[in-house]
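Please keep the structure in view while reading.

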Amino acid sequence: MHKDDHMTPVERLGNFWAGRDMDRILAMPLICSMSGKATGMTHKQKRSTAITEAYCQIEAYKRFGNDLLIADYGLHSIGSALGSVMGDPEDAVPAVERHVLQELKDIGQLDFDRCRLKNDPKFQKHLDCAKILINEMGKEVPTAVLIAGPFTSVSSIYPIDKLLKATVRDPKAVHRLMRLCTDTLREVHNEFIKAGAMILVCEPVATGTMISVGAYKEFVKPYTIELMSNIHAKGGIVCYHICGDAKTILAEMVETRPDMISIDNRVRIDFAKSIVGPQMPLAGNIDPVDIMILGSTKDVDEACRQCIQDAYGSAHGYVLCTGCDLNGDVPLENLDAFMAAARKYGKYPLTPKNWMN
């Protein structure tokens, strides 16, 4: 437990779900891609084994006292398992260099058996990472796994520009891909839930800046509802995040029934509170670039204070979070400032006196 805290993250999260007081609000900066920086490892070194992935998460927690450890199944794992060619950068997140599917007529040639745990070494690595975190730290801090949503998973198989056009020109093919990815993700979720991890569903390609409300309702929402229902049937907990400007689809996201919704910095907290707050907890949304990477520690402190103030009174609670995953350019001092602000402005009893000058 961090020296400046009075509860462990497990105790704090338990009280949060039960509606009881905590020592401070939950604070979950998305320390996933950049966790290697806390140990001096490059991203490539960090992602090389389950042991190094877990080690970086644990060392980051020891410094910052953040309320969540994250195993990284990632955004491209289904595409990678199927044969999409991935880059291998030294200190950045790997991206798809060539998608395995170039023509929709070839969907039948995809072998989704390759995505199953017994056939996918990367899946096994990330699951092993989650198990290490839970075995070593589970009594003190919870573990979650970051997993792409079904629409983003399809984009790891088939190029995004072609996918967006296909929602209009060949919707049946898009639905076929969504079905295949949803069924695969269900199995992925089940393995991580069985291990004891929470699920973080991240769906950047379904953002309101890329698809319309109508496209979200047709191609994303029904499959997401299936996945949320399965997670709950298996006894899991799920947080749902869509990057970018999700204002137009926020109410639709609520209707997929996750346990919590996380918002990007493009969505104002006070607006999200009015839509999400009456139904479920809200998490967000410190700007991961302008504040966390480019800002000073004072900028971070003020942004956190403002978020806590704006979220105050949200009916089902609020979690201070970054608006997206943080990359390796974030100064570690800014993460120190993030957590210090959570302890200062978010301490209990939580009242406006905490942030009033």
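Two strands pair if DSSP finds at least two bridges between them. Strand E6 (residues 198-202) and E7 meet this with four bridges, in the parallel sense. The model is a predicted one. The protein chain holds 13 helices and 10 strands. Its radius of gyration is 19 Å, close to the 21 Å that the globule rule gives for 357 residues, so the protein chain is as compact as a globular protein of that length.

**Whole chain**

- Along the principal axes, the C-alpha atoms of the protein chain fill a box of roughly 60 × 40 × 40 Å.
- Of the 357 residues in the protein chain, 57% are buried.
- Among contacts in the protein chain with a separation of 6 or more, 70% are between residues 24 or more positions apart.
- The protein chain has an accessible surface of about 14,700 Å², and carbon and sulfur atoms account for 52% of that surface.

- Eight strands form an open sheet with parallel pairing, in the order E1-E10-E9-E8-E7-E6-E5-E2.
- Strand E1 (27-28) and strand E2 (69-74) are at the edges; each has a single partner strand, so one side of each is left without a neighbour in the sheet.
- E1 runs parallel to E10, joined to E10 by two bridges, and Met-28 stands opposite Cys-321 of E10.
- E9 and E10 are parallel and share five bridges; Leu-282 has Tyr-318 in E10 as its bridge partner.
- Strand E9 (residues 282-286) is joined to E8 by two bridges, again in parallel.
- Strand E7 (residues 238-242) pairs with E8 over four bridges in the parallel sense.
- Ser-262 of E8 is the bridge partner of His-241, and Ser-262 also has Ala-283 in E9 as a bridge partner.

- Strand E10 (residues 318-322) is mostly covered, with five of its five residues buried.
- From E10, Tyr-318, Leu-320 and Thr-322 point one way, while Val-319 and Cys-321 point the other way.

- Thr-182 belongs to helix H8 (residues 171-195).
- Buried means under 20% relative accessible area; Thr-182 has 0% relative accessibility and therefore counts as buried.
- Beyond its neighbours within four places in sequence, Thr-182 contacts Pro-150, Tyr-223, Glu-226 and Leu-227.
- Leu-26 sits in the loop between helix H1 (9-18) and E1, and is likewise buried, because its relative accessible area is 0%.
- Not counting residues up to four places away in sequence, Leu-26 touches Arg-12, Leu-13, Phe-16, Asp-67, Val-319 and Leu-320.
- Val-319 and Leu-320, both touched by Leu-26, are buried residues of E10 that point in opposite ways.
- Leu-26 and Gly-79 are 53 residues apart in sequence, and their C-alpha atoms are 34 Å apart in space.

**Backbone geometry**

- Most residues other than glycine have a negative phi, and most peptide bonds are trans.
- The peptide bond from Gly-284 to Asn-285 is cis, with omega near -20°, and Asn-285 lies in strand E9.
- Tyr-348 and Pro-349 are also joined by a cis peptide bond, with omega about 0°; Pro-349 is in the segment after helix H13 (332-345).
- Arg-257, a residue other than glycine, has a positive phi, near 65°.
- Arg-257 lies in the loop between helix H10 (250-254) and E8, and at 41% relative accessibility Arg-257 counts as partly exposed.

Notes
Residues numbered from 1 in each chain as written. Predicted model: local features only at pLDDT ≥ 70, side-chain atom pairs only at ≥ 80, totals over all residues. Heavy atoms only, no water. Buried < 20%, exposed > 50% of the residue type's maximum accessible area, 1.4 Å probe, protein only. Contact = heavy atoms within 4.5 Å. Rg over C-alpha atoms; globule rule 2.2 N^0.38 Å. Areas by Shrake-Rupley, 256 points an atom, 1.4 Å probe, with all protein chains shown as cover.
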